[in-house]
Amino acid sequence: MARRGIFITIEGPEGAGKTTQARLLHERLRDRFQVVYTREPGGTAIGERIRAMLLDASNTAMTPVTEMLLFAASRAQFVAEVVEPALRDGRVLLSERYVDASIAYQGFGRGLDVELVRRVNEGATRGVMPDLTILLDIDPAVGLRRARQTAGKEGRPGHGDRLEQESLSFHTRVRSGFLAIAPRRGRQSRPGRCARRGRPAGGGAPGREGVAGIRLVLAIVQEKDVGRLIDALTEDGFNATMLASTGGFLREGNSTILIGVEDAQIDQVLGVIQRSAHRREQFVSPMPPAVEPVDSYVTYPVKVEVGGAIVFVLQVERMERF
Ligand SMILES: Nc1ncnc2c1ncn2[C@@H]1O[C@H](COP(=O)(O)OP(=O)(O)OP(=O)(O)O)[C@@H](O)[C@H]1O
Ligand SMILES: [Mg+2]
């Protein structure tokens, strides 16, 4: 497809201000550009019917896979009817939500395989991705409260739609999914399409991080696992400090890793630690003792337990950078 337009998406948890900011951006852009402003799921006649099914709070039996495929189906229609024509015609296409929302909601929130969600959506969109994604970040508790108030204002009964009704822990996982897609603080120069805006409630004065949302993860792991764990943390964009330590929970030869993270990233960090340093059994063949004649000595593999991690998550009272 000859692509002459620009595709911008606005993403973020419930109540982050997507509609508010999209409207403001639309107002600013429409004097100078031909703008198509739309929302997902929906944006087409078929998509609106799928949207109604997805958001209907009485559809409590819907499985995560059904949900993921319905979002993808609505998106396929949206790409064919709205996205591709707009980009071909050189318009600015502004959409609230797109593929990233499925990664965050159905992948991180529902716990479906993120790679599966990505592949299904690649098929649905024929690989059409935004040029710029603006991610609005918010503490999920605050966002949910705001979204529920808005839902009330719009006259929808109860506490909002089917997804808004999910638990706070669901929405916390969704937020960590969005953060996993976004560039991390201090790495904004990394090339990519995603710009992150907003910070969790409790952000402080310049020079001081938003401590209300920051936790210190203290992980004691065996030395054998340290290299792999640090590599995995670095790959996921976390900064870790390693201290050589001894005694305590994992006997000798352990290391303590300090990781400062945002509240919503705790599950992600714990997942990395669990994968890289879990307790497991391993067979080792003991070396023959030097005093024995080698041909009369048979070695039997023995099962030993290796790995394991003890993790503390601490509330950070205050954090300064000097
Ligand atoms: N910066 C802000 N500070 C305080 N309140 C805000 C801010 N931006 C938006 N709001 C309010 O928060 C509520 C949710 O905002 P909005 O509808 O724009 O969010 P949304 O991300 O589109 O939510 P939803 O996920 O429900 O579509 C609205 O009542 C809005 O007036
Ligand atoms: Mg909205």
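Buried means under 20% relative accessible area, exposed over 50% and partly exposed in between (1.4 Å probe, protein chains only). The model is predicted: local features need pLDDT of at least 70, side-chain atom pairs count only at pLDDT 80 or more, and totals for chains, interfaces and linings use all residues. Residues are numbered from 1 along each chain as its sequence is written, chains are lettered from A and ligands numbered from 1 in the order in which they are written, and side-chain values use heavy atoms, with hydrogens and water left out.

View 1. Strands (E, at least two residues) and helices (H or I, at least four) are DSSP runs, numbered from the N terminus. Because 5 of the 5 residues of S3 are buried, the strand is largely enclosed by the rest of the structure.

**View 2. Parallel partners of S3.** Two strands pair if DSSP finds at least two bridges between them. Strand S1 (residues 6-11) pairs with S3 over 5 bridges in the parallel sense, and Phe 7 stands opposite Leu 93. Strand S2 (residues 35-39) also runs parallel to S3, joined by 5 bridges; here Tyr 37 stands opposite Leu 94.

**View 3. Polar contacts of ligand 1 (N or O atoms within 3.5 Å).** A polar side-chain atom of Lys 18 lies 2.6 Å from an oxygen atom of ligand 1. A backbone N or O atom of Gly 15 lies 3.1 Å from a ligand oxygen, and one of Ala 16 lies 3.1 Å from a ligand oxygen.

Methods: A polar contact is a pair of N or O atoms within 3.5 Å; within protein, one must be able to donate a hydrogen and the other to accept it, and residues adjacent in sequence count only if both atoms are side-chain atoms.
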